[in-house]
2 protein chains.
Amino acid sequence: MSLLVIGSVALDSVETPFGRREAVLGGSATYFSTAASYFGPVRLVAVVGEDFPDEHARFLRERGVELDGLARRPGRTFRWKGRYEYDLNVAHTLETHLNVFADFRPEVPAAWREPDHLFLGNIDPELQDAVLDQVRRPRLVAADTMNFWIASKREALLRTLRRVDLLFVNDAEARQLAGESNVVLAARAILGMGPRAVVVKRGEHGALYFSGEETFAASAFPLASVFDPTGAGDSFAGGFMGYLARNGRHDPPVMRRAIAVGSVLASFVVEQFSLDRLRTLTAGEIRGRYAELRRLTHFDDLEPELLG
Amino acid sequence: MSLLVIGSVALDSVETPFGRREAVLGGSATYFSTAASYFGPVRLVAVVGEDFPDEHARFLRERGVELDGLARRPGRTFRWKGRYEYDLNVAHTLETHLNVFADFRPEVPAAWREPDHLFLGNIDPELQDAVLDQVRRPRLVAADTMNFWIASKREALLRTLRRVDLLFVNDAEARQLAGESNVVLAARAILGMGPRAVVVKRGEHGALYFSGEETFAASAFPLASVFDPTGAGDSFAGGFMGYLARNGRHDPPVMRRAIAVGSVLASFVVEQFSLDRLRTLTAGEIRGRYAELRRLTHFDDLEPELLG
């Protein structure tokens with residue numbers, strides 16, 4: 001099963017209450033593809049500048065991320081600078097330099113144009129649409145978006161959504177997109193816009209999954225040490241899609257396991273700066289934490305005779 | 001098994017995006033005892049004024065709430081006025097008139113001084129302490145508190161906590177009490193203050209339970225219609241304690257079921273104004289939603305061969 005991702009590769013400068021890092025590996029497609037790589041090969045379409053360190057490309061390749069679609073253009077790589085304060089749930093963007101990413105026109109290599117699974121990372125919905133024009137209809141198309149596109153490119157986003165099977169949004173984005181404060185109603189409204197499934201990411205509170213009559217409420221793994229929340233949502237999507245692509249089935253129990261896998265990958269990523277935790281993370285650790293998440297959230301049937 | 005609760009009985013005026021109600025039945029001990037009453041009798045110690053309508057006392061009595069400890073004093077009942085806006089998670093207090101509640105000195109009736117289970121609602125920790133002096137040590141003492149007491153009566157609260165088995169707090173209160181932004185670490189710090197268990201309530205995001213090595217992460221029931229969030233936390237505690245008192249055991253699987261029961265009761269209460277939903281709620285509906293919550297949160301083991 002092939003998995004293709006289009007998105008950003010960046011150099012991030014991050015400050016948290018626990019320290020700071022300058023120009024470390026970042027970007028939505030980077031987190032996504034590294035997390036997904038635990039389940040099989042991932043094909044990455046993105047752009048970097050001349051300053052992009054070879055060691056990062058080497059790291060991705062070693063993890064099984066195929067880089068034939070990673071264009072290197074004259075100029076500097078996309079750079080983001082952000083700070084997290086006491087409440088790690090809120091990222092404060094200090095600087096954004098799009099650099100070569102400003103002119104990013106994703107081009108899917110000819111050999112990659114029949115992907116089984118496609119993830120459209122958080123980029124301009126017009127570019128997401130253009131990617132869909134380049135590929136034969138995949139078995140599953142998932143997309144991410146953000147408040148900026150919802151507000152400034154609503155029509156284009158709605159066009160893209162009609163071609164998307166599954167949308168990842170956080171709860172604020174779901175509310176904004178649907179114009180509805182209740183998350184359940186917002187998700188139902190989004191299901192009316194095209195996608196047949198919506199995953200509402202709620203950070204440390206977990207995620208909700210909606211598709212037809214199916215609802216799944218997932219808790220996040222409770223973490224005693226959160227070091228750098230950057231990339232958690234993209235790692236969630238990466239674990240989710242990597243697992244789905246490897247599994248091949250999309251029935252409700254598989255979708256539920258995919259969400260749990262996504263939560264587990266996200267829970268590891270935030271334990272260290274940048275993608276550092278994924279440099280040492282093993283399949284055994286993923287299996288172990290998945291089992292622990294099941295144990296942490298399990299409760300038994302109610303004794304019916306105790307009521308009334 | 002006997003269950004005793006000390007707390008407030010109030011007349012609330014509430015405004016939400018969906019309407020408003022004037023001087024309806026409210027108060028922490030009211031929500032608690034009504035929710036707990038589905039599992040057996042509840043003994044209520046509180047105070048009301050001369051204006052407290054007989055119909056409210058009748059309603060509580062019909063639900064199995066014993067009112068020998070409900071003092072009626074000259075003056076007016078405790079009144080709270082609040083508004084919820086678009087984001088129903090945030091209550092804005094418009095007016096608080098303590099009235100007879102200002103001089104509340106809880107007095108446990110002589111026949112009630114050997115409770116098996118005791119819930120100290122969110123009142124001055126000095127009064128919580130005074131209640132503990134009036135009773136023979138119960139099998140389980142649970143307490144609630146709030147930001148106001150954490151800030152203004154910290155020493156008294158810490159004294160009370162040393163006599164409490166289980167503390168209910170929301171995540172902001174847990175952080176404030178422990179001086180620690182990470183909720184898991186905050187809960188562990190609170191376990192060092194006396195309680196052997198902490199329930200961190202997270203509203204629509206569910207709850208976390210910590211006790212020794214045991215951690216349980218519970219999702220809330222995803223609701224399409226939230227009408228009035230008032231009393232959700234107290235109803236959660238009421239369902240939790242009512243179930244525990246009826247069950248009699250306190251082992252980890254029972255505590256997990258208690259949290260799920262609390263979530264279910266809270267999910268019903270917010271569907272209508274005041275306690276109105278509990279006027280018609282049946283044991284069958286509670287059983288049904290509990291089963292639905294299990295179904296909504298279940299996921300299977302991971303296929304180990306799909307990784308790596």
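## Exercises on a predicted two-chain model

The buried residues of helix 1 of chain B are B:S28, B:A29, B:T30, B:Y31, B:F32, B:S33, B:T34, B:A35 and B:A36. The model is predicted.

**Exercise 1.** State how many residues of helix 1 of chain B are buried.

Solution. 
- Take the helix: residues 28-36 of chain B.
- Apply the cut-off: a residue is buried if 20 or more other C-beta atoms lie within 10 Å of its own.
- Nine of the nine residues are buried, and helix 1 of chain B is mostly covered.

**Exercise 2.** Describe how helix 1 of chain A packs on helix 8 of chain A.

Solution. 
- Start with the axes. Those of helix 1 (residues 28-36) and helix 8 (residues 232-247) of chain A come within 7 Å and cross at roughly 40 degrees.
- Helix 1 of chain A is therefore oblique to helix 8 of chain A.
- Next, handedness. Helix 1 of chain A makes a right-handed crossing with helix 8 of chain A.
- Now the residues. Helix 1 of chain A contributes A:S28, A:Y31, A:F32, A:S33, A:T34, A:A35 and A:A36. They meet A:D234, A:S235, A:A237, A:G238, A:G239, A:M241 and A:G242 in helix 8 of chain A.
- By class, this contact has six nonpolar, seven polar and one charged residues.

**Exercise 3.** Work out which parts of chain B touch chain A, and how the copies are related.

Solution. 
- The contact takes 43 residues from chain B and 43 residues from chain A.
- On chain B, the elements giving two or more residues are helix 7 (183-191), strand 13 (214-218), helix 8 (232-247), helix 9 (252-269) and helix 10 (283-297).
- Helix 10 of chain B supplies the largest share, seven residues.
- This side of chain B has 25 nonpolar, nine polar and nine charged residues.
- Now superpose. A rotation of 180 degrees with 0.0 Å of shift along its axis brings chain B onto chain A, with RMSD 0.0 Å.
- The two copies are thus related as by a two-fold rotation axis.
- 100% of the interface residues of chain B are also interface residues in chain A, so the copies meet through the same surface.

Conventions. Residues numbered from 1 in each chain as written. Chains lettered and ligands numbered in written order. Predicted model: local features only at pLDDT ≥ 70, side-chain atom pairs only at ≥ 80, totals over all residues. Contact = placed C-beta atoms within 7 Å. Helix = DSSP H or I, 4+ residues; strand = E, 2+ residues; numbered from the N terminus. Nonpolar A, V, L, I, M, F, W, Y, C, P; charged D, E, K, R; others polar. Axes fitted to C-alpha atoms, helices over the stretch in contact; angles between N-to-C directions. Parallel < 35°, antiparallel > 145°, perpendicular 65-115°, else oblique. Left-handed = near helix turned anticlockwise from the far one by under 90°. Buried ≥ 20, exposed ≤ 12 C-beta atoms within 10 Å, placed from the backbone. Least-squares fit on C-alpha atoms with pLDDT ≥ 70 in both.
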